[in-house]
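Hello,

Here is the structure we talked about. Please look through it first, then read the notes below.

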Amino acid sequence: MVRVKSRVAAVALCAMALSWIANAQDLASFEKRTTIKVLPNGLTLIVCERPEAPVFSFYTLVDAGSADDPQGASGLAHMFEHMAFKGSTEIGTTDYAAEKVALAKVESTYAAYDAEYRKRVGQSTAKLAELHKDFEDAQAAAQKYVIPNQFSEIAEENGAVGVNASTEEDSTQYFWSMPSNRLELWAYLESQRIGQPVEREFYKERNVVQEERRMRVDSSPTGRMIEQFLATAYVSHPYRRPGVGWESEISQVSATEASAFHEKYYVPANIVIAVVGDVKAADAMPVLEHYFSPIPGGPRPEPMTTVEPPQVAEKSVIIREATQPFYIEGYHRPDYRDPDDSVYDAITDIFSNGRTARLYRSLVRDQSIAAEAQGFSGFPGEKYPGLFAVYAVPLPGHTPAEMRTAIHKELDRLKNEDISDAELERFKTRARADLLRGLGDNEGLAHQLAEYQTRFGDWRELFRQLDKIDSVNKADVRRVANKIFTDSNRTSAQIDFVPPQRKASAANMTAPQTKQSAGGAK
């Protein structure tokens, strides 16, 4: 009885705290402090006044990500994100007029080299080497005009912190925080890299991205497994491609292609910028208009036409390696606009949010068969139909097959039994707390405002999510669970441990083995 009273008291205190936060951060309060303007070139600006400290944060969201990579040029969105820190026609160069000529030479020599390299018949090794030397010489000549890292250094020298960017499947975003008396400097810097980017040091940075892929995918058993998992789960949609790109395509993408990507997707109509902090809209908007309005407008990219067909049969991937076993499975679900989107959030929370969730209690705490078990929705993206995925890491002595059985047992419970009142209430309390907590700092709020303005065309939809969360009921959870957690909608991938194989020495190789190897090569 004491424990029950304690839990009731804790829930009551949490509800009181959330009520206080909500009153301080309700929609009416934000509407008074938030100004939105769409410039003639199509770029959307949002300014939210929060004068508690003399700083501001910004969040630039470009509505294009890895899913928008052109066919044959996977990884290009991520590559351009790297290039956005290389400066502009005014930043990062000692003489742009001369550098422009030198960069044109880089592209012409690379195009000649690439054309010879791609020849499947008649490639000349001598000519390839000559063309590659011309390309390297052109790069060296262009490098003489570069002021490395000048863009980031200007920002950081003026108090910028958290200077960063990220590329996801659905979008690309740029962000940092800065003293509020540097707002105009920020507007200059940001408008420069959006409106006047220069693809300098492109091939040098391409090597960096290739190394990133080697670390994240090629040298990681789990990374390779996830890559194969997505490539198997999707047959047509770009979500099947790795965000960092396929190695064969990264290695040949060019600065010319990066410029074309920028021209198509970095048009103002495809960009939302949110600024939150110690700024007054009446003073800030004219400054922002001054710097962002001159960026040339253009048509917003046409929506993607590729639609992933319904999955009609279970699919699986099995990797056998001398490494940590792993199990993951995914089920196709609709995109974020689906009326049941909040129901998927409820399933995620009840199924796997923390140590009180069903998956952790069953696999980790009670059965002690897994070191970790987690579920998550909207993978690898949410803009288009994604996956509800579940994974588990077996403890020594246990197998991926055991993880699969245990996970299915918990999924069947969601399909066949109503969740409890306490589980539903915990989800709603946590979801409300997480949403409101995300509004607590400038960077988080800027992110949310830009995200919701982009996805729904109205940042106010952020607050309407609370009503959608409150409307979720037990029947919704069972209905949605039965709709997607079916055998034919499942794709699984696992790593099975196999002992490492000793390499046979040349002295121990037998003649038959040598012949078989030669025959295989033939």
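What radius of gyration would a compact globule with 522 residues have, and what does the protein have? This is a predicted model. A compact globule of 522 residues would have a radius of gyration near 24 Å, and the protein has 27 Å, which agrees. The C-alpha trace spans about 85 × 80 × 40 Å along its principal axes.

The protein contains 20 helices and 11 strands. Among contacts with a separation of 6 or more, 81% join residues 24 or more positions apart.

Now the interior. Buried residues make up 50% of the 522 residues. In soluble globular proteins, nonpolar side chains tend to be buried together. Here the largest nonpolar core has 64 residues, and Tyr174, Trp176, Trp186, Ile273, Val275 and Phe292 touch the most other members. Helix 12 (residues 281–292) gives this core its largest share, six residues. Apart from this core lies another, of 34 residues, including Ala346, Ile347, Leu411 and Leu424.

Which residues is Ile273 in contact with, leaving aside its neighbours within four places in sequence? They are Leu43, Thr44, Leu45, Ile46, Tyr59, Thr60, Trp186, Ile194 and Phe292. Trp186 and Phe292 also belong to the group in the largest core that touches the most other members.

Last, the surface and the charges. The protein exposes about 25,100 Å², of which carbon and sulfur atoms supply 54%. There are 61 positive and 73 negative side chains, and the centres of these two sets lie 5 Å apart.

Regards

Key. Residues numbered from 1 in each chain as written. Predicted model: local features only at pLDDT ≥ 70, side-chain atom pairs only at ≥ 80, totals over all residues. Heavy atoms only, no water. Core = buried A, V, L, I, M, F, W, Y, C linked by side-chain atoms within 4.5 Å. Buried < 20%, exposed > 50% of the residue type's maximum accessible area, 1.4 Å probe, protein only. Helix = DSSP H or I, 4+ residues; strand = E, 2+ residues; numbered from the N terminus. Contact = heavy atoms within 4.5 Å. Rg over C-alpha atoms; globule rule 2.2 N^0.38 Å. Areas by Shrake-Rupley, 256 points an atom, 1.4 Å probe, with all protein chains shown as cover. Lys, Arg positive; Asp, Glu negative; His and termini not counted. Charge placed at Lys NZ, Arg CZ, Asp CG, Glu CD.
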